[in-house]
Amino acid sequence: MESRPRILFVEDERSISEPFSHALEREGFEAVVAPTAAEALRLADTIDPDLVLLDLMLPDGDGRDVCRELRRRSDTPIIMLTARGTEVDRIVGLELGADDYVVKPFSGPEVIARIRAVLRRTGAAGGERTTRVEGLELDLASRRVALDGEEIELSRKEFDLLAALMDRAGRVVRRETLMEEVWDENWFGSTRTLDTHIGWLRKKLGDDPGDPRFIHTVRGVGFRFRSPNGA
């Protein structure tokens, strides 16, 4: 039997955590509630959640500190949940490593849709899947990349960017699509961050921009990853 995606819901208000946990269960998720920052960090280590839904206002600490610590420990996707909705709060949350940001009061179906989108984007709900193009191998489940048999260390965003390109190997992927999928629609920064990450990725792959083995630039449009047949 296929296991259900496990959601660690960090929320101290039972009037919110109980009904939404039931909604998650009805939608095929396993919900585990942590009412405090300390309990959230403990459970994150013991239950190995597929995603953390994190309230910022907690009785024993700031959810942003929890986000920072979770991100230091792992790449588990995080959606921040808060009553504060200013642009500055959203930017701070995303820069700390959150994958999305939801403002209270929220719609249950909307948050569940966002959870599914983040899990799809990060590969946390996609099961085991390996993509191979020439000598490059990407394992979505373990988030490992190897080139010609040698493992390559990639940052979280570098991995997500490579996965998005390899998933469409041989096709042009628009810049806007990559920004949406890797940084999501809440990104407020310059799109130049995409070029920076492409540059870092090329360097780690030993890819010459002038004569690329893997990542080809399509000027004014986006990027195309080498197709499996070498085109």
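Residues are numbered from 1 along each chain as its sequence is written, and side-chain values use heavy atoms, with hydrogens and water left out. Because the model is predicted, local features need pLDDT of at least 70 and side-chain atom pairs count only at pLDDT 80 or more, while totals for chains, interfaces and linings use all residues.

**Exercise 1.** Work out what span helix 1 should have, and compare it with the distance between its end C-alpha atoms.

Solution. Helices are DSSP runs of H or I with at least four residues, numbered from the N terminus, and helix 1 covers residues 14-26, which is 13 residues.

**Exercise 2.** Determine which residues of helix 1 are buried and how they are arranged about its axis.

Solution. With buried meaning under 20% relative accessible area and exposed over 50% (1.4 Å probe, protein chains only), the buried residues are Ile-16, Ser-17, Phe-20, Ser-21, Ala-23 and Leu-24. Judged by the directions from the helix axis to the C-beta atoms, they fall within an arc of 160 degrees and therefore line one face of helix 1. An α-helix has 3.6 residues a turn, so residues three or four places apart point the same way. On the other side of helix 1, Arg-14, Ser-15, His-22 and Arg-26 are exposed.

**Exercise 3.** Identify what the buried residues of helix 1 pack against, and which residue follows the helix.

Solution. These buried residues pack against strand 1 (6-10), strand 2 (30-34), strand 3 (51-55) and helix 5 (108-122), where contact means heavy atoms within 4.5 Å and strands are DSSP runs of E with at least two residues. Helix 1 is followed by Gly-28, whose phi is positive, near 95 degrees.

Terms used. Expected span 1.5 Å × (residues − 1).
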